[in-house]
Amino acid sequence: MIFQINSLWQVIGWCLVFAGLILVNEFGRRSKMGGMIVFVIIPAILTCYFIAIHCNAFGGSSNPTMAYMDGWFHYFKLYAADIGCVGFMMIKYKWGIGKEKWFAWWPWFIVSANIMIANVSDIESALAAYKIAGNLSGAWWASNEGVFIYGGWWNVVNALAGLINIFCMTGCVYLYTSKDKNQSDMLWPDMTVWFIVAYDIWNFEYTYLNLPTHSWYCGVALLLAPTFANALWNKGAWIQNRANTLAIWCMWAQIVPLFQLKGTFAAALPRVYGGASKAGVTTMMLYDKAIELYNAGQGKSAEVGKVISKLGITADPSMQSLVAMLSVGVNVICISVIIKKSIQNKCNPYSNEVFKGTKDYEEALARAQR
């Protein structure tokens, strides 16, 4: 098993997150007003809320957001995702610079930037493990997000997969607005199932390696929500829905961080925490111990492994290793298909569409204004 599921409530929590992401995304994508509410008005209100917390309002340092989600990465991820959403709205509604041809590169840029940030995290984890163990066979370290991470060679392999994945985005400037009455979607027809599967496996492995105690939600439910929509009713709009659901999840996690850490719906732990369930170790216990080590300046020391061992946990990176190999393998296959099609069509795959004629491409293009 990839996760240690020991409660029906964990499954119910997963279903609630999955359904919630789809429903809020549908509200945000189907009208200009819905998009403005979800991706402009709510983030603006939250920004005021975050500032107020730092001014000691709403509980100040004891506020859950301040206590558990005050790291720069959490804020950066939220606003980066939301800026991407607003940019996609500008493209589909032809607002301002959204009408300009050069701005069509925005989706490629924002996705590439986010992938590279994840790649840096993977390399950071590998280097932390190397510093502790002297090799990449695996070592525990504690991050500033209160997470015990088991870094190793799998991080390097997944970072390579992420780098390849950037070059699996083709037809980058061929973006369209859907032809329905409300112009609900920004369509990228050349972003077919080839890229989506390669991205999903890579990104799942990224969360599984670097955000293991969150990956039950942000690595499974969050990734499957836009893929599910793209497969069943929203062909061609995967990247828009991916950005939307990511921003929605980041907003939720920022204001209700204990949802996935503590209580009824606490996230299922991944397999790497071998024996955790049997030893009665919870997600919150891991957070408390990890943040204690980090705050003591011991986050990247051998002391982390000793603490983990005392909790009754034995590292089991078997799934980390397997998914890392799958991640790089799928991305190599995807880029190989792109290279082959580019040679056959005698075209640059980034300034031209290479998947014309395929089922995914044609179904997406059929939804576009022409």
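1. Helices H6 (residues 153–166) and H7 pack with their axes 10 Å apart and at an angle of about 150°. H6 is therefore roughly antiparallel to H7. Axes here are lines fitted to C-alpha atoms, for helices over the stretch in contact, and angles run from 0 to 180 degrees between N-to-C directions. Angles under 35 degrees count as roughly parallel, over 145 as roughly antiparallel, 65 to 115 as roughly perpendicular and the rest as oblique. Helices (H or I, at least four residues) and strands (E, at least two) are DSSP runs, numbered from the N terminus.

2. This is a predicted model, in which local features need pLDDT of at least 70 and side-chain atom pairs count only at pLDDT 80 or more, while totals for chains, interfaces and linings use all residues. Residues are numbered from 1 along each chain as its sequence is written, and side-chain values use heavy atoms, with hydrogens and water left out.

3. The crossing of H6 and H7 is left-handed, a term used if the near helix is turned anticlockwise from the far one by less than a right angle (right-handed if clockwise). On the H6 side the contact (heavy atoms within 4.5 Å) involves Trp 154, Asn 155, Asn 158, Ala 161, Gly 162 and Asn 165. Their partners in H7 include Phe 195, Tyr 199, Trp 202 and Tyr 206.

4. H6 also packs against helix H13 (residues 318–345), at an angle of about 20° and with the axes 9 Å apart. H6 is thus roughly parallel to H13. This crossing, too, is left-handed. Among the H6 residues that meet H13 are Trp 153, Val 157, Leu 160 and Ile 164; H13 contributes Ala 324, Met 325, Val 328 and Ile 335, among others.

5. The whole structure holds 33 aromatic pairs. Rings of Phe, Tyr and Trp (its six-membered ring) pair if their centres lie within 6.5 Å; planes under 30 degrees apart count as stacked, over 60 as edge-to-face and the rest as tilted. One of the pairs is Phe 3 with Tyr 208, edge-to-face at 5.7 Å centre to centre and 80° between the planes. Phe 3 is in strand E1 (residues 3–4) and Tyr 208 in helix H7 (residues 193–210), 205 residues apart. Phe 3 is buried at 9% relative accessible area, and Tyr 208 is buried at 0%. Buried means under 20%, exposed over 50%, partly exposed in between (1.4 Å probe, protein chains only).

6. Phe 3 has another ring partner, Trp 216: the centres are 5.2 Å apart and the planes at 65°, so this pair is edge-to-face. Trp 216 belongs to helix H8 (residues 215–232), 213 residues from Phe 3. Trp 216 is buried, with 8% relative accessibility.

7. Elsewhere, ring pairs join Trp 9, Tyr 217, Trp 249, Trp 252, Phe 259 and Phe 265 into a cluster. Lys 300 lies over the face of Trp 141, 5.3 Å from the ring centre; the criterion is NZ of Lys or CZ of Arg within 6 Å of the ring centre and within 35 degrees of the ring normal.

8. Two backbone values deserve a check. Most residues other than glycine have a negative phi. Lys 94 has a positive phi of about 60°; Lys 94 sits in the loop between H4 (72–93) and H5 (106–133) and is partly exposed at 41%. Gln 183 has a positive phi near 50°. The place of Gln 183 is the loop between strands E4 (176–177) and E5 (186–187), and Gln 183 is partly exposed at 24%.
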